[in-house]
Amino acid sequence: HDAVTLEVQVTLFGDDERLIVIRDVTRLHRLELMRRDFVANVSHELRTPLTVLAGYLETWLDHRDALPERLVRGLTQMETQTDRMQRLVSDLLTLSRLETADRHDSTRPFSITALCRQAIADGEALADDSHHFRLELDDDRWLRGDEQELSSALSNLIYNAVRYTPEASTVTLRYRRSPNGDGALEVSDDGDGIEPHHLDRLTERFYRVDKSRSVASGGTGLGLAIVKHVLLRHDARLEIESTPGQGALFRCVLPAARLMAAPAAEAAIDQ
Ligand code: ADP
């Protein structure tokens, strides 16, 4: 009586022959659901103890002047690692929420221009003058979807462009319309780029080109997995291009069906 999950693959031969392969993937599907549940539960359970640890560490470090130097060094290390665990748990929870939630059918549109302006302002605040930012808006569209989710996806891409490039690099955010009507939201940089054999795996959880660099710059290894899932929920996809030595480009391809012209001024105020 339990639900069964089947995978059907149809291959066409010539005009009238077909090869149909049906696979029973029920067990695999169940295991995947158990994995998701387990990760979500563990992450959830870790939140409270980490909050307590962080609270005590903060209180002790507030009185650092009264403590021996060696102890302060130890406590500072503990605070850094607790911080890192909290970010990890928070990203894991975000990811499991995105994986289990349905596709986004929200019909509330928002302005892509405003989204991009905000993302650049946040990037500038984060980079603290270490990078140059460029905004290129070749079209003014509104998008049906979850503004907060897309804003966090864009921030992740901009955050990466800042973290994986040397100081004084330029980060460009561009929105343009493709000839087929889809929208392309692109974050590019002029840093060292990524070797081609890594590109297909970058959106896997915890896949990093250089783990120590990712950890040192505050990464959890989950940023691009989160971006991919946010886009999937919007029927959109992520394309990554890079020429090593010349930078990387992350393109969010937004389907034409979710885009619309900017509403008239009075209607926009209602949104
Ligand atoms: P992390 O927390 O490690 O940054 P992400 O999922 O955001 O995790 O990114 C995965 C990996 O992709 C990073 O560890 C880094 O090696 C690579 N990467 C992401 N963005 C860039 C970029 N703009 N330039 C070069 N490498 C990048």
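**View 1. Helix H4 gives the most residues to the lining of the largest pocket, nine of them.** This is a predicted model, in which local features need pLDDT of at least 70, side-chain atom pairs count only at pLDDT 80 or more, and totals for chains, interfaces and linings use all residues. Residues are numbered from 1 along each chain as its sequence is written, and side-chain values use heavy atoms, with hydrogens and water left out. The pocket (on a 1 Å grid over the protein atoms alone, an open set of points where a 1.4 Å probe fits, with protein on both sides within 12 Å along at least five of seven lines) has a volume of about 1000 Å³. Among its 44 lining residues (an atom within 4 Å of a point), Asn156, Asn160, Arg163, Tyr164 and Leu224 are closest to the centre.

View 2. Around the ligand are 18 residues (a heavy atom within 4 Å), with Arg163, Tyr164, Ser214, Gly221 and Leu224 the closest. Here, too, H4 gives the most, with three residues.

View 3. The side chain of asparagine 160 has an N or O atom 2.9 Å from a ligand oxygen. From the backbone, an N or O atom of threonine 220 lies 2.9 Å from a ligand oxygen, and one of leucine 224 lies 2.8 Å from a ligand oxygen. The protein buries 96% of the 530 Å² that the ligand exposes when taken alone (Shrake-Rupley method, 1.4 Å probe).

Conventions. Polar contact = N/O pair within 3.5 Å; in protein donor to acceptor, adjacent residues only side chain to side chain. Helix = DSSP H or I, 4+ residues; strand = E, 2+ residues; numbered from the N terminus. Points joined across faces, edges and corners; volume = space filled by probe spheres on them.
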